[in-house]
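Here is a short report for a reader new to this structure. Look over the sequence and the model first, then read on.

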Amino acid sequence: MIWIRVSEFILKQRNYLLALFVVISAFASWKASEIKIAFNPGKILPSTDSTFINYQNFKQKFGEDGTVMVVGVKTADLFEPTFYQNWKNLHQRLEKTTGVKQVLSIAGFVSLKKDTINKSFTVFNNTKKTGELNLDSLGKALYQLPFYQGILYNDNHTATIMAVTLDSNVLKSSAKIALVNDIEKQVNEFESKQKVTVHLSGLPYIKTVLSSLVAKEFALFFGLSILISAFILWLFFRKISSIIYPLILVIFGVVWSLAFMVLAGYDITLLTGIIAPLMVIIGVPNSILIINSYRFEYVKTRNQRESLLATIQKNTLTTFIANLTTAIGFGVLYFTDSNVLQEFGITAAVGVMLTWLICVCVLPVILSFLAPRVLKITLPENKMDVVTLLLNWVTKVVLNQQRWVYGFVTVIVLVAVFGVSKLKTNGFVVDDLPKSNKVYADLKFFENTFNGVLPLEFDIATRKGNSIIKLSTLNKIETLEKTVKENPAFGKSISINSAIKYASQTFYNGKPEYYRVPNQMEAGFILAYSANSGKKNNMLKNFVDSTKSSTRVTFQM
């Protein structure tokens, strides 16, 4: 039989196998040390999914989304001199930080001015010479601009936001952790100086925290799985050698799996982060089965070589089938259209089989070098431990209480089916964080004060160029915005209408009541002023594509 030959080969070539294992493990350890955390995880949706296609088209038109990190603080004295100066200092320091593209706050907002000579709008920074300005006047000027309400200040003027736009290229690399940490450090310095609570949020910040969490929990879960497995091995064998060697082998199973990830070009994601504990809990049962079988065989034959040959012959096929079916279960994820699931499925499948190979080939070799007394292999005694008593009880129940077994399983199945029917799906951004986490608490702060800061984007496309700025289209967008904001989950919306309303207010010398979509007669004049403003002062360029046939509407959620 093939398994007889396999068992004889393993024991006959044990020195070469052990040397080969050491060499491969050394190489795998070197490659595994290069494993990285995924800072821009692969797509979950398949490429053919309509949502994914729309998202890609949106980024092509309007650029990367989710690049804004927000800093929020609640205070009734937004324009109190000390607070404002410290806030302005923070604004200016962040602007100079490498990786920050733009900062918007009450210490650096701009306003439109009407140029009647050139019939255009110009952009004016009200805050450049703050020291020479009356801060009360500056505050009143800001509160006269509804465009910034819900963006820079909340409805009752008791909280403010600093929006920090980050470089999208930095966000795709490991440098984003250093950048976010640098911003957080500067914010903490302001917090200590001003003695107020400052809140951080935004997709870049949340994603960075989750990335850091992956790294921490990877080590945490791996360590816990090792400890729990060691405890289980101790319960079974009560011998140090029977604990240490199996754990060493499954640890190298993890190392080999990580090395495979590096060679395949994969990084650690939230999903592949469970590969390490997964290999441990799959590899340890293999070791338990082999060691336990060896102990029983030795009790029967009292011959180490014969016992090991019998152990390999009896358990190789059994463990191979068990591990192969497990690997297939993971491997089928390769046939999904999700990169994240594909990487996890392939890595788990390969890791399972590598861990099995290590246990089957190397563990018997290690056992062959150990004297049987090291494992405390003795003839069975009448005294039985708790595990044996439990297994004997299970055996009696299965053989003698079949009706109760069937009834119990039936009840469990019915309860499970009912439970499955109650399952719901969700896509919470911070569902991986406990409610006590600061990120979760800060997100709630922004929800309570600004109706949220996470973006929901609409891409509105027309069939002809320049038709997006037609008054009929603008009125439809206005209807959309009002309809969506009837839902309390949504807050401020930013769109081409916001810019045109601001232009309308500016056209009428800054009167807040004219912050509205202009009528047919006014629209021509206002749009002409906007067109004459040039690219630098044209606010519409941030909301429409190059053909002016598509526009974006962003809601805070």
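Is Leu227 buried or exposed? Leu227 counts as exposed, at 59% relative accessibility. The model is a predicted one.

## A nonpolar patch

Leu227 is found in helix H8, which covers residues 203–237. Leu227 also belongs to a nonpolar surface patch of about 860 Å². Leu220, Phe221, Leu224, Ile228, Phe231, Ile232, Trp234 and Phe236 make up the patch with it.

## Around Ala32

Ala32 sits in helix H2 (residues 14–32). Ala32 counts as buried, at 11% relative accessibility. Beyond its neighbours within four places in sequence, Ala32 is in contact with Val255, Leu258, Ala259 and Val262.

Ala32 and Met261 are 229 residues apart in sequence. In space, their C-alpha atoms are 8.0 Å apart.

## Asn286 and the cysteines

Asn286 lies in helix H10 (residues 275–301). Asn286 is buried, with a relative accessible area of 7%. Its side chain makes a polar contact with the side chain of Asn323, at 3.1 Å. Residues up to four places away in sequence aside, Asn286 touches Thr319, Asn323, Trp356 and Cys359.

Cys359 is buried too, with a relative accessible area of 1%. Its closest cysteine sulfur is in Cys361, 9.8 Å away, and that is too far for a bond. A disulfide needs the two sulfur atoms within 2.5 Å. The structure holds 0 disulfides.

## Salt bridges

Side chains of opposite charge can pair when their charged atoms come close. The count here comes to 8 salt bridges.

One of them joins Lys31 and Glu34, with the closest N and O atoms 3.2 Å apart. Lys31 counts as buried, at 13% relative accessibility. Glu34 is partly exposed, at 34%.

Another salt bridge joins the side chains of Glu297 and Lys300, at 3.6 Å from N to O. Both residues are in helix H10, 3 residues apart, so about one helical turn separates them. Glu297 is buried, with a relative accessible area of 8%, whereas Lys300 counts as exposed at 58%. Glu297, Lys300 and Lys314 are linked in a network of salt bridges.

## A link between two helices

Glu478 forms a salt bridge with Lys501, and their closest N and O atoms are 3.0 Å apart. Glu478 lies in helix H16 (residues 471–485) and Lys501 in helix H17 (residues 496–507), so the pair ties together parts that are 23 residues apart in sequence. Glu478 and Lys501 are both buried.

Methods: Residues are numbered from 1 along each chain as its sequence is written. This is a predicted model: local features need pLDDT of at least 70, side-chain atom pairs count only at pLDDT 80 or more; totals for chains, interfaces and linings use all residues. Side-chain values use heavy atoms; hydrogens and water are left out. Buried means under 20% relative accessible area, exposed over 50%, partly exposed in between (1.4 Å probe, protein chains only). Helices (H or I, at least four residues) and strands (E, at least two) are DSSP runs, numbered from the N terminus. A polar contact is a pair of N or O atoms within 3.5 Å; within protein, one must be able to donate a hydrogen and the other to accept it, and residues adjacent in sequence count only if both atoms are side-chain atoms. Contact means heavy atoms within 4.5 Å. Patches are made of residues with over 30% relative accessible area and no salt bridge: like charges are joined within 9 Å, nonpolar side chains (Val, Leu, Ile, Met, Phe, Trp, Tyr) within 5 Å. Accessible areas come from the Shrake-Rupley method with a 1.4 Å probe; for residues, only the protein chains shown count as cover. A salt bridge is a side-chain nitrogen of Lys or Arg within 4 Å of a carboxyl oxygen of Asp or Glu.
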